[in-house]
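Me: Could you walk me through this one? I'd like to go through the helices, the sheet and the charged pairs.

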Amino acid sequence: MSRAKKQAYSDRLVSLLEEYQRILFVTCDNIGSHHMAKIRKSLRGKAVLIMGKNSMMRRAVRMQLKAHPEWEVILPALVGNVGLVFTNEDLASVKSLVLATRVPAAAKAGIVAPNSVTIPKGQTQMPPTKTSFLQQLGIASKINRGTIEILSDVQLIQEGDKVGASEAQLLTELDIKPFSYGLVIKKAFNDGEMIPSEVLDITDADILSAFGSGVTQVAKLSLGLSFATLAALPHVFANAYKNVLAVAIAGEYSFPQADKIKDMIANPDAYASAAPAAGAAEAAPVEEEEEEEE
């Protein structure tokens with residue numbers, strides 16, 4: 001690459017770093033040019049993907065550290081076959097776009113398995129002549145209706161192991177494409193801070209669930225120690241209301257909130273009269289279901 005092209009690349013990288021506040025650091029192993037073009041097209045309007053040599057990226061960032069010291073945290077992430085996805089959108093939504101571009105791929109002999117592969121039990125389309133081939137792989141099988149049936153689930157390949165020729169042949173004959181290739185998100189940069197990619201999987205529901213669990217634990221501890229806290233306040237008022245209601249029912253004292261409860265105790269038939277109607281309404285669909293079954 002000529003000096004002019006290197007300078008143009010450096011200028012573009014610096015321009016993107018100044019324009020965008022969020023970055024996804026991705027690796028792009030086993031991705032062809034056609035697949036990469038589809039990825040760029042899917043990100044258009046939402047994010048910008050830039051690739052390049054790590055040395056050129058690090059050099060461009062180092063030259064701007066005086067003006068942008070917050071970029072220093074980026075340097076350790078510029079290793080391997082890395083690419084940068086620049087965006088000002090929500091990182092979680094951009095991550096979804098990136099992962100949506102992954103494509104299934106067959107297992108090829110000699111490649112390192114990116115994930116474990118399990119062969120499910122059940123009927124296959126393999127002819128009976130392949131029984132000995134399965135026995136060599138330690139897979140229990142039997143002949144059923146003219147084809148081979150695998151008797152139990154078998155973990156064929158472990159993540160990180162090299163795929164053997166026999167394993168690749170078996171997966172091809174079973175028409176199983178166990179792997180998928182695309183951009184793999186390693187880290188993220190958000191407003192001057194590096195964060196693990198796993199953080200992007202946390203949803204609002206997860207946060208609310210964790211917060212609710214914490215509030216519940218605080219309330220339990222407060223009630224057990226008889227120590228007043230804001231988390232325990234609703235339970236304190238509820239228990240106080242129950243005690244006052246019990247006194248009102250046991251004695252002649254009353255207040256508006258207790259009148260209905262006392263009336264329900266004094267006239268249970270008046271409130272129970274609506275129960276058969278509700279039961280009848282629920283019974284009708286059951287009869288229809290029985291007729292349909294007949």
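Reply: Helices (H or I, at least four residues) and strands (E, at least two) are DSSP runs, numbered from the N terminus. This is a predicted model, where local features need pLDDT of at least 70 and side-chain atom pairs count only at pLDDT 80 or more, while totals for chains, interfaces and linings use all residues. Residues are numbered from 1 along each chain as its sequence is written, and side-chain values use heavy atoms, with hydrogens and water left out.

Me: What do the buried residues of α6 pack against?

Reply: Buried means under 20% relative accessible area, exposed over 50%, and partly exposed in between (1.4 Å probe, protein chains only). In α6, the buried residues are Ala168, Leu170 and Leu171. They sit on the same side of α6, because they cover an arc of only 160° around the axis, taken from the directions from the helix axis to the C-beta atoms. What they pack against is β5 (117–119), α5 and β9 (154–157).

Me: Which residue forms a salt bridge with Glu173?

Reply: A salt bridge is a side-chain nitrogen of Lys or Arg within 4 Å of a carboxyl oxygen of Asp or Glu, and a search of the whole structure finds one. In this pair the closest N and O atoms are 3.1 Å apart, and the partner of Glu173 is Lys130. The two are 43 residues apart, with Glu173 in helix α6 (residues 165–173) and its partner in the loop between β6 (122–123) and α5 (131–136). Glu173 is partly exposed at a relative accessible area of 30%, and at 23% so is Lys130.

Me: How many bridges join β11 to β12?

Reply: β11 covers residues 184–190 and runs antiparallel to β12. Lys187 stands opposite Pro196 in β12. The number of bridges joining β11 to β12 is four.

Notes:
Contact = heavy atoms within 4.5 Å. Pairing = 2+ DSSP bridges.
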